[in-house]
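Please look at the model first.

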Amino acid sequence: MVKKTHVSTTINGETAEFLCEPRQSLLEILRDTLELTGSKEGCNNGNCGACTVLMDGLPVNSCLVLAVEAEGATITTIEGIAEQAHLHPLQQCFLENAALQCGICTPGFIVAAKALLDRNPKPTEHDIRFELAGNLCRCTGYDKIVRAVQDAAAALEGKH
Amino acid sequence: MATKTSPDKKKTGKAADTTNGEPQAFKVIGTRPIRHDGVDKVTGRAIYGADVQMAGLVHGRILRSPHAHARIKAIDMSAAEKMPGVVAVVTGKDMPDLRDKMADLGEGTVNLAHLGANCLAHGKVLYKGQAVAAVAATSPHIAEEALKKIKVEYEPLPAVTWVLDAMKDDAPLLHDNVFTSEMGKLGKQPSNIAVHLHFEKGDVEKGFAEADVTIEREYKTASVHQGYIEPHVSTALWNHDCHLTIWTSTQGAFTARQQTAELLQIAISQVTVVPCEIGGGFGGKISVYLEPVAAILSRKCGRPVKMIMNRNEVFEGTGPTPGSFVRVKLGAKKDGRLVAGEAWLAYDAGAFPGGMIGPGCMCVFSCYDLPNARVDGYDVVLNKPKTAAYRAPGATQAAFACESVIDELAEKLGIDPIELRLKNAAREGTRRVDGPTYPRVGLVETLEAARNSDHWRSKLTGKNRGRGIACGYWFNIGLKSSAAANVNPDGTVTLVEGSTDIGGTRTSVAMQLAETLGIAAEDVHPQVGDTDSVGYTDVTGGSRVTFATGLAAYEVGLDIRRQMAARAAMLWECKPEEVTFADGVFRRGDKSTSFKELAGKMHQTGGAVVGRATVDPEGPSHGFGAHIADVEVDPDTGKVTVLRYTALQDAGRAIHPSYVEGQMQGGSVQGIGWALNEEYFYDDSGRMRNASYLDYRMPTAFDLPMIDTIIVEVPNPAHPYGVRGVGETPIVAPPAALAAAIYRAAGVRLRELPMAPHRVWTAKKMTNDEC
Ligand code: FES
Ligand code: FES
């Protein structure tokens, strides 16, 4: 057995330390070690986006990040998107637009959409479709997801 | 009758409508409440199969065949067994010998030996990716390494992966115990053709003799995968009291229980299946794959075993839809009236018999009133994964052929394609070629709504652009559903139902109970029960949940109403029959009490009120749709871009319109992927070469426009609220609608799926060269 490495990170605003093998992905540690199972695994090779988390503010496929690479990083997962008692506008708009069916892709979409809106608060439909092309959904045909992101952008604009 | 429902978000129900002769004013049905399980699913809290954790859990992995066809000569597991961290290794020999045992699984019988060999091979492997052995270890990485230490000696055999090749006399034979079943008789020689179906109606030769125009064409489709984002996953605990509990991602907890019990030859009462949240199924999560394997690994090591497939295994080891060859011939009079039809369909079933040829044959002419017709269908085994249902299984391939010929007929006769369809549309009283006669159905209304739609009436301008239309049909089944509900003292109701919720059905079922009780959708708290806590319920499939489980919820509501009326009668000292109920209020003379008030007095009037129901509605509810597509074809590359898309469908009654639209949009996009891009690529040795999402390439958000929907409501006479079910029909029409649009854009008729850039480009080049 290889020796485990100690890694310290900040996850959803709290310090999180863990031991991992060099071959373990960040997704595996999040799900199996830290029990943050909201990030989903659809492919484990970067093709589906179900495992998307924010790493230092940027969206990454956590299945493609080695856990040891997370040393010192600030990570936000789907569990950290809501603000205390309130859903994030994206979460609320996903619900209101019925933008999920089975819901397995939803955490990845919400995290990726948050990264998009953080950078580009007024995205066009084209921007949304382009930026979310790395997230696969097999249930919805994307229509309601795109509308949910548009509505969330409008709601966030109203807030500022 | 038709409502354009996207993009407006109507939050209120319809004021009044008529179902089955009864005037009905709905308070809940037709509104768009937030789904009950929504918050858990947008915050990452919902527990899907892979999220199950428990003490002592070990991880199972499967060793799969590298060959498309081979005899297994020997398996040596000793090195794997000795690896530190490995706790169990199993092969097909650890499962009972099932020979030719058949089991009735509710929706038809299966050969258990075949089902078992699809979970762990016996003696022979029939496709690349078939499971051969399995390991459980303390970490998934150790299990993966241990797989490499299992030595399997194979004797490779020739393989066949195209349906027409597999039907040839000299094709490699997959099974020496499969004989062609034809008209109730079995063939004498073993064959790859498992079944030949034949349906006939009227006098086909006479019909064609009367035709002014006859068109006959051949169509091919490639295997495609359901593509659900959640891979198959199961966790099994064979406890020390011999009770087996399985937490799994399945479309049907009860069928998973039965299949597992039959395969392991144990009593169903020894097995509890707990259905977790499910990340998509589309028909592909009905057959068991991992459940029995995890169970025997757990039996061997005495610990809970969790197994998750990787994406590659999902493509190579689980059910795609059949690849197909279909020939359709249609004859019509000058005025467009169809007089005769003939279809010949060969569908691959994958490695074991029992594919989708039956529904393919029944659906090929299902949209039309054909006086004379003949259909022949063949179920063919070959060296690909055992096919599984995929949304309207078998119908899409057939519709691609039939609807494309209809489009050619319309062109040849100089009749508008909608008018031609309306002239021949199936309606009440039309008898399908396989026998059944339709009750009241909504194809005519759907086509009329298409003709009146903004989309159809708008002008499509620009070079290399074209518009197409096609119809689709799926039966929509009934089957068995159970539900039970407890009334709470605060007037809310807790509903337990047996249908796993893949797309918001907790809510569409709860809404029907709420409507029946005159309470708000939010006042019903639905949950999905495991096999020990709810009555038998068939799979979530066949577009049946909102229809049949909704019917069960309605019956539960009636049961609760009866019991509550008796409570009111007790308080008012009258007979229960004298108490009436309307709009959530019980009344007798000048006395009245709301459902909520009466619920508050439950404990003074005899204790809990528990409603229950079990239903088994007979006969299908018939879902018809029509899709309109605008495309642009890039003349340099052959790439097809969908510019605008409208899906129309008769939903009977849309309980939650957003989720009806969602089914229509999702099904349309799966159909678009199937039509334009998705395909299993096989090399000469029968190996799939694109078993990853990147290479298989399903549609992304960037590939698509918005998908407009128009819900048509022709209430189903066999449901109290008129529900027909909507899930499957939307995948049927897209390939033919897109083929018709491509023809108008590029001048070429594509008769092979997918209509990928190279095919469109080559077809265009060939026509240009001819000119
Ligand atoms: S699981 Fe990470 S991209 Fe699919
Ligand atoms: S909602 Fe099922 S994959 Fe997106």
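Which domains does the domain assignment of chain B give? Domain 1 spans 51-157 + 232-308, domain 2 spans 320-476 + 620-770, and domain 3 spans 478-615. These bounds come from an automatic or database domain assignment.

This is a predicted model: local features need pLDDT of at least 70, side-chain atom pairs count only at pLDDT 80 or more, and totals for chains, interfaces and linings use all residues. Residues are numbered from 1 along each chain as its sequence is written, chains are lettered from A and ligands numbered from 1 in the order in which they are written, and side-chain values use heavy atoms, leaving out hydrogens and water.

**The two interfaces**

| Interface | Residues in contact (heavy atoms within 4.5 Å) |
|---|---|
| Chain A and chain B | 52 residues of chain A, 60 residues of chain B |
| Domain 2 and domain 3 of chain B | 16 residues of domain 2, 16 residues of domain 3 |

**Chain A and chain B**

The chains bury about 4600 Å², with 58% from carbon and sulfur atoms. Buried area is the accessible area (1.4 Å probe) that two parts lose on being put together, summed over both. In chain A, A:Gln101, A:Arg129 and A:Arg138 lose the most area to chain B, together 18% of what that side buries.

The rule finds 5 salt bridges across this interface (side-chain nitrogen of Lys or Arg within 4 Å of a carboxyl oxygen of Asp or Glu). A:Lys144 and B:Glu661 form a salt bridge at 2.5 Å, N to O.

**Domain 2 and domain 3 of chain B**

Their centres, taken over C-alpha atoms, are 39 Å apart. The two domains bury about 1200 Å², 67% of it on carbon and sulfur atoms. The salt bridge count between them is 0.
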